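Me: I would like to learn how to read a few features of a model like this one, going from the record to the local geometry. Could we take them one at a time?

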Amino acid sequence: MITLSDLYHVLTAVVPLYVAMILAYGSVKWWKIFTPDQCSGINRFVALFAVPLLSFHFISTNNPYAMNYRFIAADTLQKLIVLGVLGVWSRISARGSLEWSITLFSLSTLPNTLVMGIPLLKGMYGNDSGSLMVQIVVLQCIIWYTLMLFLFEYRGARMLIAEQFPDTAGSIISFRVDTDIISLDGKEPLQTEAEVGHDGKLHVTVRKSTSSRSEIRSHGLNSMTPRPSNLTNAEIYSLQSSRNPTPRGSSFNHTDFYSMVNGKNVSPRHSNLGFDEEAGSRGYPAPTSAGIFSPAAKKKADIGAGGKDLHMFVWSSSASPVSEGGIHVFRGGEFGGGTELSIGAHPKDYDDFGRDGFGFGNKGGEGPVLSKLGSSSTAELNPKALPVNTKATAMPPTSVMTRLILIMVWRKLIRNPNTYSSLIGLTWSLVSFKWDVEMPAIVAKSIAILSDAGLGMAMFSLGLFMALQPRIIACGKSVAAFSMAVRFLTGPAVMAAASIAVGLRGVLLHIAIVQASLPQGIVPFVFAKEYNVHPDILSTGVIFGMLIALPITLVYYILLGL
């Protein structure tokens, strides 16, 4: 039976977290103490130092030789069940899609174990439950977040291939990615060069767009969208997670732009797109990295005796077929003339990639008007050539796709400080508990001084993030209700079934169910924001989930204790 003393211990562990979050929220929303730039600096400190060191502290002090393998098996089985169900659903259902599968997997299986789970479960079930939460954190950092990166990069690779090689993807036998590209998330326009070999197969090189580089040089950073960090979790909380970001000032000359489209009926709208004056004098806007998908029609390169063709395109999935809104400019013809500009939303012909594959009646937008590219390329980007159902689109061989995706995932992981904190912490725990080696005091105290602040700073940063959002429920009430049901009902239900299946009983079963009912994890939201896959849903899950997490977990705690 749950006593008042038990509830007091739980509140003692959790209420201080809410105090830090509320203070941060009020410092921005009510008292105007911090500016958005200052909030971004705090978030960056949390991402680069506080959270990785906090993770290292917990992992390095956990005995890996005393891990509860049955508990770990239950957690792993829950995630495998959800993955299997979502995989079947995406294959057989008309509403199934890769994007929704990723989002639903995050919502149902990846709770906020590090920040909320450890103190909350310790207050409920004692210190032993804290060690179980650390074991879950280790698996999340090393296995499940890596799997999510793999799925996101797989999505990016499929979009890149479907957009640039709709008819010839099956002939691609190799990819080479320049070292300065660390992701296919589409935040920066990319360029592909397809060289036809003697065997008639395509050898593709992916590099950063030269047009985007010149745009950055001509404009500087003032007129451009802030570039993403090379560190996966560097911007652990985005300043804008809504799909309707607040307007910003811009150097974009709207009058000149409207005159370029020769009287086309385009309603004025705010833009954060940079504009190259030299390009504008030639009659077309230069491609930028601020949300423009810019296929650059290039002339055939004279390769020489080999007679091979070189085809070059520019790709950015930040304004890809799954992006919503924004100005999308397609230029046809060669540089000499025949320029044609078309404005409109992107097509909905990419059900396998589109975020609206699972509809709630809040979709909108009109069809596109895309100009045909005047290019001799065999992979010409003609929207009519793209199939309505991309599931039937031919893709490169599995080995080629796997190698491409593994390269990108590896580049992301080696730039992620949480990867190092998890691996080094696990390595140290294996050594220290095996041979009873203590960490030197000077090193331990250097880590402790920041890791001790990590929990409070993470909650403080979350409060800043909440205060900077235009709406707490960014994705709409119906989608928010659905996501909360997945988070707090489906996740615990699957965990209960998996735990019973592997033989968990008593307190361990209660711990497994309660930890599955924790609010949405922060890192999955970071990935969703970076790859532009339902960031509004995940941000709502983080914010709203944190607000209702305490009463919901208390309800589970009380019901399981009856």
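Me: Over residues 479-501, what share of the chain is helix and what share is strand, and how far apart are the end C-alpha atoms?

Reply: Please keep in mind that this is a predicted model. Over residues 479-501 the chain is 100% helix and 0% strand, with the end C-alpha atoms 31 Å apart. The stretch 479-501 is one of those to which UniProt, in an unreviewed entry, gives the feature "transmembrane region". Another stretch in that record is 540-559, where the chain is likewise 100% helix and 0% strand and the end C-alpha atoms are 26 Å apart.

Me: How should I read burial along a helix, and how many residues of helix 15 are buried?

Reply: The general idea is that an α-helix has 3.6 residues a turn, so residues three or four places apart point the same way. In the case of helix 15, which spans residues 522-531, 9 of the 10 residues are buried, and the helix is mostly covered. Among the buried residues are Pro-524, Phe-525, Phe-527, Glu-530 and Tyr-531. What covers the buried residues includes helix 4, helix 5, helix 6, helix 10, helix 12 and helix 16.

Me: What does phi do just after helix 15, and which value does His-534 take?

Reply: Just after helix 15, Asn-532 takes a positive phi of about 60°. His-534, in the loop between helix 15 and helix 16, has a phi near 50°, again a positive value in a residue other than glycine.

Me: Where is Asp-436 found, and is Asp-436 buried or exposed?

Reply: Asp-436 is found in the loop between helix 11 (417-435) and helix 12 (441-467), and its phi is near 55°, a positive value in a residue other than glycine. Asp-436 counts as exposed because its relative accessible area is 68%, and the cut-off for that word is over 50%.

Me: Finally, why is Ser-27 called buried, and which residues does Ser-27 touch beyond four places away in sequence?

Reply: Ser-27 has its place in helix 1, residues 4-29, and is called buried because its relative accessible area is 3%, whereas the word requires a value under 20%. Leaving aside residues up to four places away in sequence, Ser-27 touches Lys-32, Ile-33, Phe-34, Phe-460 and Leu-464. The UniProt record also places a "transmembrane region" at residues 6-28.

Conventions. Residues numbered from 1 in each chain as written. Predicted model: local features only at pLDDT ≥ 70, side-chain atom pairs only at ≥ 80, totals over all residues. Heavy atoms only, no water. Helix = DSSP H or I, 4+ residues; strand = E, 2+ residues; numbered from the N terminus. Buried < 20%, exposed > 50% of the residue type's maximum accessible area, 1.4 Å probe, protein only. Contact = heavy atoms within 4.5 Å. UniProt positions renumbered as here; feature names shortened; annotations may be inferred.
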